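Please keep the structure open beside you as you read.

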Amino acid sequence: STKYILADATYKCKFPQIAIYNSHWLQDFFKLHGYKFAHEFCFEPILNRKLKEHLDEVGDTLHKRKQILVYGRPSVDRNAFELIVETLRQWVEMQEDAEEWTLLSAGESHQDVYIGKGKLLESVGKMTLDEYAGILETSYAGISLMVSPHPSYPPLEMAAFGVKVITNGYDNKNLNVFSSNMTSIDTPSASDIANRLHEICSGYQPKVPNDFDNEQYENGTDAFAFMKDVVECL
């Protein structure tokens, strides 16, 4: 599109540029596609401190409901809301105990969506961090898609709270290495995601250990140690 061409042109400015990347996945993407900048810096996402406080207060065990949380933003194409809805429509047909599950959509307010067999994808919209932490703590499964090389934060936050979350790969991005709670599907289709969601939900456990396996994300503190160098560049 015209917007894409003009946006891309901003990375090819004739003047010196300072690039600050949100994650090594994004930095690697730019390198793979031949972009070059006068100076480059990269920071890795870390868990929001308020969410970290909630996670620390939980104790050794997370108590999970039969609840699926999706990152639902119908107005943002890159979050593939239509694909999530079609996924749930296929999932509800194969999940034997589908009537026992609650389906929540967070991120943007929208009309509830009927997905079949009497089930609705219920919109909870934007929440406070306290409300969000409560839903993360109790959700067992999740879907959060991002059609871009950026990892997106919701699937990382879900994984930190013990949610078995499905996301998508994109070019060089593969979030399987982020956590054992993460499933990254290289070529996502509704049937592939629905089958994986069915596997996850069929293995439901009401209690899961609070033992997130990414120390840097959970306990990182100084993501922007390079800022003094940025100032020097300016």
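## The main core

Of the 29 residues in the largest nonpolar core, those touching the most other members are Ile-68, Leu-88, Trp-91, Leu-121, Ile-143 and Leu-197. A nonpolar core here is a set of buried Ala, Val, Leu, Ile, Met, Phe, Trp, Tyr and Cys residues joined through side-chain atoms within 4.5 Å. Buried means under 20% relative accessible area, exposed over 50%, and partly exposed in between (1.4 Å probe, protein chains only). Two or more residues each come from strand S4 (67–72), helix H4 (81–94), strand S6 (113–116), strand S8 (141–143) and helix H7 (190–202). Helices (H or I, at least four residues) and strands (E, at least two) are DSSP runs, numbered from the N terminus.

H4 gives the most to this core, with six residues. A second, separate core of 23 residues includes Leu-55, Ala-133, Ile-135 and Met-158.

## How the model was read

This is a predicted model, in which local features need pLDDT of at least 70 and side-chain atom pairs count only at pLDDT 80 or more, while totals for chains, interfaces and linings use all residues. Residues are numbered from 1 along each chain as its sequence is written, and side-chain values use heavy atoms, with hydrogens and water left out.

## A closer look at H4

Which residues of H4 are buried? They are Phe-81, Ile-84, Val-85, Thr-87, Leu-88, Trp-91 and Val-92. These residues lie on the same side of H4 because they cover an arc of only 160° around the axis, the arc being that of the directions from the helix axis to the C-beta atoms. The face turned away from this buried side carries the exposed residues Glu-82 and Glu-93.

The buried residues of H4 pack against S4, strand S5 (102–107), S6, strand S7 (119–125), S8 and H7. Leu-88 touches Val-70, Ile-115, Leu-121, Ile-143 and Leu-197, not counting residues up to four places away in sequence; contact means heavy atoms within 4.5 Å.

Pro-155 is found in helix H6 (residues 154–160) and is buried at 0% relative accessibility. Beyond four places in sequence, Pro-155 is in contact with Ser-144, Val-165, Thr-167 and Met-182. Pro-155 and Thr-167 are 6.9 Å apart, C-alpha to C-alpha.

Ser-184 sits in strand S10 (residues 182–185) and is also buried, with a relative accessible area of 7%. The side chain of Ser-184 reaches the backbone nitrogen of Gly-169 at 3.4 Å.

Note on methods. Polar contact = N/O pair within 3.5 Å; in protein donor to acceptor, adjacent residues only side chain to side chain.
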